[in-house]
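Subject: Structure handover

Hello,

I am passing a structure on to you. Please open it first, then read my notes below.

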Amino acid sequence: MANYTSNTSDKSKAKAIKLCIAGFIGLHAFYVGKIKSGIIHLILGLGCWLGLISGIVAKEPTVIIGCLIVLILCSLPDLIKLFLGTYRDNVGAPLREK
């Protein structure tokens, strides 16, 4: 009898999508083991959130819109890859469906 092994990650695609949407600060990258990417997302995301809060306090709509655009554009490529199923973990394995 042959032993078959799957070539998928032990990380869940659904959980990675939820983490990507939750705050847009790179939690999905940390979840799949992409630490460098996660740190970059985290620094950029926290900076944008701080800018967004300061824009709200100062009532500056251009700052608010700019920060929202940067938050969305930074996570959008990863979110699209997650929905299409082409996002991979730190060893290059595709994420499992459930």
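Predicted model: local features only at pLDDT ≥ 70, side-chain atom pairs only at ≥ 80, totals over all residues.

Residues are numbered from 1 along each chain as its sequence is written, and side-chain values use heavy atoms, with hydrogens and water left out.

Start with helix H3 (residues 35-58) and helix H4 (residues 61-84). Helices are DSSP runs of H or I with at least four residues, numbered from the N terminus. H3 and H4 pack at about 155°, with axes 8 Å apart. Axes are lines fitted to C-alpha atoms over the stretch in contact, and angles run from 0 to 180 degrees between N-to-C directions. H3 and H4 are therefore roughly antiparallel (angles over 145 degrees). Their crossing is left-handed (the near helix is turned anticlockwise from the far one by less than a right angle).

Contact means heavy atoms within 4.5 Å. On the H3 side, the residues include His 41, Cys 48 and Trp 49. On the H4 side, they include Val 63, Cys 67 and Asp 78. The contact residues divide into twelve nonpolar, five polar and one charged. Ala, Val, Leu, Ile, Met, Phe, Trp, Tyr, Cys and Pro count as nonpolar, Asp, Glu, Lys and Arg as charged, and the others, Gly among them, as polar.

Helix H1 (residues 13-21) also meets H4. Their axes come within 10 Å and cross at roughly 160°. H1 and H4 are therefore roughly antiparallel. This crossing is left-handed. Lys 13, Ala 16, Ile 17, Cys 20 and Ile 21 of H1 touch Ser 75, Leu 79, Leu 82 and Phe 83 of H4. Seven of these residues are nonpolar, one is polar and one is charged.

Last, the lining of the largest cavity. Its residues are Phe 24, His 41, Leu 44, Gly 45, Val 70, Leu 71 and Cys 74. A cavity is a set of points on a 1 Å grid over the protein atoms alone where a 1.4 Å probe fits but cannot get out, and lining residues have an atom within 4 Å of a point. H3 and H4 each give two or more residues to this lining.

Best wishes

Methods. Parallel < 35°, antiparallel > 145°, perpendicular 65-115°, else oblique. 1 Å grid on protein atoms, 1.4 Å probe; cavity = no way out; pocket = protein on both sides within 12 Å on 5 of 7 lines; lining within 4 Å.
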